[in-house]
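Please read them with the coordinates open.

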Amino acid sequence: MRLLLIEDDSTISRELLLRWRPRGWVVQACFSLGAADQVLALSPDSGAFDLIVLDLGLPDGDGGHWLTKLRQRDRQTPVLVLTARDSVADRVLGLRCGADDYLVKPFAADELDARVEALRRRSQVSSGGLLHYGCLTWLGDEGRAYIEERALELSPREFEVLGILIRRAPRLVSKRALLDALADRNLEIGDNVAELYVSRLRRKLAGSGTVIRTLRGFGYLLALDADAGSH
Ligand code: CA
């Protein structure tokens, strides 16, 4: 989970960092909208963060206005708004600006975690869609994958593993991220059998011009097979 936290209350910010970082979440904390703009400008694509947690009252402006502008260029990244303003009008305003959820301060950290997890799950499911890599096509909504025109026979777990690898290809997916993504879809597998699922999937991809590489101790990546077609 890569998370952008925009919150000027240093106590809240510190507590959330201490809570989230041990889980392996990569958290970038900003105390102002200007700092957040700089972080986003340095990020190569709009999918740089899985989620943004945004306070509305910030020293250099209103989080709601900032979110309206963000939504003009990034409609995908889920945004959870933190607000000290507990009126229906303010909450509606936050959602109209493009927030996906909100939480009123003071909040219980457990509730924030639950909402963050739920938003991430929702965005991962809705990002099913259609993915291509090399000769592979992965159709999230139909639960089918193809090598060119030929349908692959995949178990639900193999199908999801392939989707996760294609989405990141040719970049590395850590084993932890793979296991977490499967668990998010209620398709848990044990740490010790991840390699088994990947090996089976690797065999089924033979002839696709793509190959799953294992980087021991790091994770997996799907890459174009440089040797494809040479024999
Ligand atoms: Ca504030």
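1. Overall. This is a predicted model. The protein has eight helices and 14 strands. Its C-alpha trace spans about 65 × 35 × 30 Å along the principal axes. Of the 231 residues, 43% are buried.

2. Aromatic pairs. How many aromatic pairs does the rule give? The count comes to two. One is W20 with W25, a tilted pair. Their ring centres are 5.5 Å apart, and the planes make an angle of 35°.

3. W138 and F159 are stacked. Here the centres lie 4.7 Å apart, with 15° between the planes. W138 belongs to strand β9 (residues 136-139) and F159 to helix α6, so the pair ties together parts that are 21 residues apart in sequence. Both W138 and F159 are buried.

4. Charges over rings. W25 has a further contact to check: the charged end of R23 sits over its ring, 5.2 Å from the centre. A second case involves R200, whose charged end sits over the ring of Y197. There the distance to the ring centre is 5.3 Å.

5. Burial in α6. Which residues of α6 are buried? They are E158, F159, E160, V161, L162, G163, I164, L165 and I166. The list includes two glutamates, E158 and E160, worth a look on screen. F159 is the residue that stacks with W138.

6. Cavity. The structure holds one cavity of 30 Å³ or more. About 40 Å³ of space lies in the largest cavity. Its lining consists of L56, D62, G64, R85, D90, L93, G94 and C97. By class, that lining has three nonpolar, two polar and three charged residues. Which element gives the largest share of the lining? Helix α4 (residues 88-96) does, with three residues.

Note on methods: Residues are numbered from 1 along each chain as its sequence is written. This is a predicted model: local features need pLDDT of at least 70, side-chain atom pairs count only at pLDDT 80 or more; totals for chains, interfaces and linings use all residues. Side-chain values use heavy atoms; hydrogens and water are left out. Buried means under 20% relative accessible area, exposed over 50%, partly exposed in between (1.4 Å probe, protein chains only). Helices (H or I, at least four residues) and strands (E, at least two) are DSSP runs, numbered from the N terminus. Rings of Phe, Tyr and Trp (its six-membered ring) pair if their centres lie within 6.5 Å; planes under 30 degrees apart count as stacked, over 60 as edge-to-face and the rest as tilted. A charge sits over a ring if NZ of Lys or CZ of Arg is within 6 Å of the ring centre and within 35 degrees of the ring normal. On a 1 Å grid over the protein atoms alone, a cavity is a set of points where a 1.4 Å probe fits but cannot get out, and a pocket is an open set with protein on both sides within 12 Å along at least five of seven lines; lining residues have an atom within 4 Å of a point. Grid points are joined across faces, edges and corners, and a volume is the space filled by probe spheres set on the points. Ala, Val, Leu, Ile, Met, Phe, Trp, Tyr, Cys and Pro count as nonpolar, Asp, Glu, Lys and Arg as charged, and the others, Gly among them, as polar.
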